[in-house]
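Here is a short report on a protein model. It starts with the surface, then turns to one helix and the cores.

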Amino acid sequence: MEVDSAAKKPRMEESTTCPSKVLHLRNLPDGVTEREVMLLGVPFGKVVNVLLLKHKNQAFLEMAESAAASGLVSYYNTVPATIRDRSVYVQFSKHQELKTTQGVASIGSSMQSVLAPGIVGGMSSLGGASPSSVALEVALPQQGCPNSVLRVIIENMLYPITIDILQQIFSKYGRVIRIVTFLKNSQFHALIQYSDSVSATSAKAALDSQNIYNGCCTLRIDFSKLSNLTVKFNNEKTRDFTRLDLPSGENEAVAAALPELSAAFGIPTTLLQSPALANLRSALLSLASGNSVQGASGGGLPGSVLLVSNLNEKMITPHVLFILFGVYGDVTRVKVLYNKRDSALIQFKEPHQSQTALSNLNGVMLYGKKMHVTHSRHAQVQMPQAGSNVIEDALTEDYTNSPLHRFKPGSKNYQNIFPPSATLHLSNIPDGIDEEYIRTLFVSTGGTVQNFRFFQNDRRMALIQMGSTEEAIAALIAMHNYKINESNHLRVSFSKNPIS
């Protein structure tokens, strides 16, 4: 920790053993803000006043209750307080009350005024031209009981978030000992356990509603109902930072799949368990063929590949599935199974994209049949080997470098993902195109147009309502990237709301 001897030069208040609601803080970093000082007190109770002495690297912090102030001093005498990796000295002030001329503001408005646009990559300063004194009314959150475990939901996740990134962010507020991550309702969740509840409370107060990256990956933080996390494996989903000796747990997934591999390929389970056949096990797990290995419930190991079944084999092609599933993520490969033409494997760039597609498309009607969408056990979709027949080649496509991917870095499309509906959103409409032209286009897809409306302030966009959701899906597949002229291709997606 950094200790600045210059901070000791100004005359300090004489140390006093008389408890006070007002605390004296010294050795603060240059440019410290009211919010940073306030966060030292939030875990212990209500903060009613903050007074910065910027030129002296000192501050006064007033708590609502003497007991809260006493708890704060007692704790930070045991665990040194820090701001920006700098030790801060805390003691009782000889003042019993701070008098300021500023009005009282809520913690919400105070924090909003100093929110940084991002935490990782391009972090902005939390300082600025803030007044030297301000009164803040700060109360501990009432939703849930404060403890050492935080529940974190990440909204608008444009970029992958790993345990290492979470540990980097949250360890700034205390010692992180365990992290568990998982997907729930198509959203990324994490449980983060600190060594103490004070650190967890400080992290929640500082990070709730902040963005990890500029404009995206927003943190929504509450206290978990759990008081302790049990972690058995150290891998990309779970981590115990106090037990670096834990296994990765990768063999657990393989062991769970062995009975199904045995049944599918006729190889005894005892033989597949042999360490000498590790390469064979991996090959069988990743084999993309008509012999799809699925559990009794139809589910598979969550990953980037989906198995889609009960398709209309007379209408289905890799391109059809690429366009439809591409609404929910960047599809990199599609294979219609050669020996089972009503089924297909679809690989996404990221696992969370496959989960989003599954959540929105499972059970949806496509060309007269209800699709069944599950996670596949295959780690990836294999391209046909050299010398395979022409038909098999046509049933597999690689879209890794397709210009039609919707979710490039920084794209706003992540904010506009909606379930299939009868209303479609159209964009990239060139000047001179009228309603009749667009209606005619969409009627040609085999559906009926119920309603249509250009955006009032931007005629490059419009809403069109088809006769049913199934008709809208067929229209989206047929009309997305339709070439209207040499420089304009129509963009089609599902709309959140019907035409009013």
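The protein exposes about 24300 Å², and carbon and sulfur atoms supply 50% of that area. Accessible areas come from the Shrake-Rupley method with a 1.4 Å probe; for residues, only the protein chains shown count as cover. This is a predicted model: local features need pLDDT of at least 70, side-chain atom pairs count only at pLDDT 80 or more, and totals for chains, interfaces and linings use all residues. Residues are numbered from 1 along each chain as its sequence is written, and side-chain values use heavy atoms, without hydrogens and water.

Of the 500 residues, 48% are buried. Buried means under 20% relative accessible area, exposed over 50%, and partly exposed in between (1.4 Å probe, protein chains only). The protein has 13 helices and 26 strands. These are DSSP runs numbered from the N terminus: helices (H or I) of at least four residues, strands (E) of at least two.

**Helix 2**

The buried residues of helix 2 are Ala-68, Ala-69, Leu-72, Val-73, Tyr-75 and Tyr-76. They cover an arc of only 165° around the axis, so they lie on the same side of helix 2; the arc is that of the directions from the helix axis to the C-beta atoms. On the other side, Ala-67, Asn-77 and Thr-78 are exposed.

**Cores**

A nonpolar core is a set of buried Ala, Val, Leu, Ile, Met, Phe, Trp, Tyr and Cys residues joined through side-chain atoms within 4.5 Å.

| Core | Size | Members include |
|---|---|---|
| Largest | 58 residues | Leu-23, Ile-154, Phe-170 |
| Second, separate | 52 residues | Leu-311, Ile-429, Ala-462, Met-466 |
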